[in-house]
Amino acid sequence: MTEQLSRPAAPTSPMPPTIEDNVNLTTGEVFLDRSTGHPVMQLKDVGVAFGGRSAVRNVSFDVFDREITALIGPSGSGKTTLLRALNRMHDTVRSAKVTGKIMLGDTDVYSGSTDPTLLRSRVGMVFQRPNPFPTMSIYENAVAGLRFNGVRKKALLDEAAESALVAAALWDSVSDRLKSHASTLSGGEQQRLCIARALAVEPEVLLMDEPTSALDPIATKRIEELIGELKNRVTIIIVTHNMQQAMRVADRCAFLLMGEDRTGELIEFGSASKLFSEPDDPRTLDYVNGRFG
Amino acid sequence: MTATSSEPLGREKRHSRFSLPNGGYRAILIVGGAIFAALVIWFLYSIVNQSRPAFSTLGFSWIIQKTWNPNLHKFGLLPFILGTVETTAIAMVLAVPIGLGSALALAYLVPQRAKVLLGTAVELLAAVPSVVYGLWGVIALAPLFREYVEPFSSSAFGWTGLFNGANSGVGLMLAGTILFVMVLPTMVAISRDVLAVVPKEQVEGAMALGATQWQVLRKVVLPEARAGLLGAFILATGRALGETVAVALVIGNSDYIAHSLKSPSATLASLIINNFGEASGTELAALFGAGLVLLVIGLTVNSIARALVRRAGGSGSVASVAVA
Ligand SMILES: Nc1ncnc2c1ncn2[C@@H]1O[C@H](COP(=O)(O)OP(=O)(O)OP(=O)(O)O)[C@@H](O)[C@H]1O
Ligand SMILES: [Mg+2]
């Protein structure tokens, strides 16, 4: 098990709601029904070290409800490492140590009283390579998370499977072969199945680690569109190497870069439009313009 | 393996200076395959041929008759078939849960350093010659069984009727136990390797959905390793069925059907090794017949296990790797 919280962090007060959080500035649509305007997740001085060697440190930012937050930065800057800290995937790595404070709503992610399995059903994850369970059918994959969480009623499972597959834009192509093995799907379909599988558990936050990097451009485009649609349903944090992708899908952006000692640090965090057009830090400008990394 | 593999290999373009021209590859593989096939056919033919006198003088029913008494010209194999199946069953009933549990622990729970140490120990145990296990059974386990295990089993489980008779130490129970100890390292070593190759992505995929460690093992790791685990089972069962010396040392060598787990008994393999020296004529043919029956039992277990894997939808490929 991972040790954490080397220092007690100050209790966090929720940020007051702002107009910007509740109104879509292009359409004027008001989100008051869903969006609280409060951050769903808060990172305070988060760091991750493997066997004493720090991989990423000093990361603080807020993740807002029903927004897409992109983590960008060159290879090795700790994007994956940071993302995996958010749902405690580092628990299985003995040498990993997570420091700082991560809040999910009122839950301290690394508090001793937080059940990691419960946490992971609130913070879902989609991986870089599609990883449906090969021994399970499409249907079983879609409801696997619900079954892990103790749902047994067939009617409930059926309903959830359909709703998740519809949400992942997969229902139309698989509804007549739900019993087929997941391995019969194409790579893009498999990734959408993995998204459906994560959505079925109805997480508050969905973590996606370069979800399109193993896919061709067309499959990538469909996943990107899907991500845009999912925004109404779930808060998304996505790691991407692709600047165009970040520009297309992200509301907010965090730029990580490793310093002299090869440890990743948060260089800049802000709205995507600002980060891509007039960032505060010259290193951000260099990176988004493809000048290094 | 066999000549069928020559096709893809033969077409492969290699540029190493050690590579043979395509024709050379092909020739080596075809000759190798032919030699292998010829050996198998010759072997089977010899056994069948040698056992034929038993079938011609005794008919087919002698195989399942109850009495083995060469003086009376009776060569019934039933006591030995039962002894073989019973000792193997005892061994596997113990080896499957304990072996699987140890393999899971080795693959997923034990810290890295202990993993290496325990892994080496398991591989070492798998390489110990069976006669050593047999000697250990006679010297160390038999007295223990006579003094403690058998009296205890009789008083605790006597009501099952499986533990009647005197406490002699040697017998079905001890033979089954020795076989268990012998096949356990094989079970553990192969199962561990099979479990270890279940992709980390699958494990993490399940974890990320909120699965507990137990659910990850039960719903993702075990189903994916199923084919390979059955391979481990087949290999271990084969070893238990055919084990000769160790069993002959601890089973008590009785030609009668055992009426209790404490009774002395014999297996097809121990029958052969105990009688082969002085046998001739029909008895010798009957011993070859016993070998043939053992072969059939082994093949049956193998094909049942394979059918199970196939029906369960496993790839089967891992199993063949483990068995090969
Ligand atoms: N399990 C681990 N053990 C030790 N070091 C690790 C481990 N996982 C990651 N690291 C280290 O942490 C650093 C950051 O890696 P990470 O995978 O987070 O980078 P990334 O930004 O996701 O890179 P990429 O864009 O290539 O995916 C690297 O130096 C890596 O070697
Ligand atoms: Mg990464």
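User: Two strands count as paired if DSSP finds at least two bridges between them. In this predicted model, over how many bridges do E2(A) and strand E10 (residues 264–271) of chain A pair?

Analyst: The model is a predicted one, and in it E2(A) and E10(A) run in the parallel sense. Val56(A) has Gly264(A) of E10(A) as its bridge partner. Because a pair requires at least two bridges, E2(A) and E10(A) qualify, the number of bridges being 2.

User: Which residue of E2(A) stands opposite Val48(A)?

Analyst: Strand E1 (residues 39–50) and strand E2 (residues 53–64) of chain A run antiparallel and are joined by 8 bridges. The two strands form a hairpin with 2 residues between them, and Gly51(A) in the turn has a positive phi of about 55°. Within E2(A), the residue opposite Val48(A) is Val56(A).

User: What is the bridge partner of Lys44(A) in E4(A)?

Analyst: E1(A) is also joined by 8 bridges to strand E4 (residues 96–104) of chain A, and these two strands run antiparallel. In E4(A), the partner of Lys44(A) is Lys101(A).

User: Which strands stand at the edges of the sheet?

Analyst: The open sheet has 10 strands with mixed pairing, and its order in chain A is E5-E4-E1-E2-E10-E9-E3-E8-E7-E6. Each edge strand has a single partner strand, so one of its sides is left without a neighbour in the sheet; these strands of chain A are E5 (107–108) and E6 (123–126).

User: At about what angle to E1(A) does helix H2 of chain A run?

Analyst: Helix H2 (residues 79–86) of chain A lies across several strands of chain A, including E1, E2 and E4. Relative to E1(A), helix H2 runs at about 120°.

How values were computed: Residues are numbered from 1 along each chain as its sequence is written. Chains are lettered from A and ligands numbered from 1 in the order in which they are written. This is a predicted model: local features need pLDDT of at least 70, side-chain atom pairs count only at pLDDT 80 or more; totals for chains, interfaces and linings use all residues. Helices (H or I, at least four residues) and strands (E, at least two) are DSSP runs, numbered from the N terminus. Two residues are in contact if their C-beta atoms, placed from the backbone, lie within 7 Å. Axes are lines fitted to C-alpha atoms, for helices over the stretch in contact, and angles run from 0 to 180 degrees between N-to-C directions.
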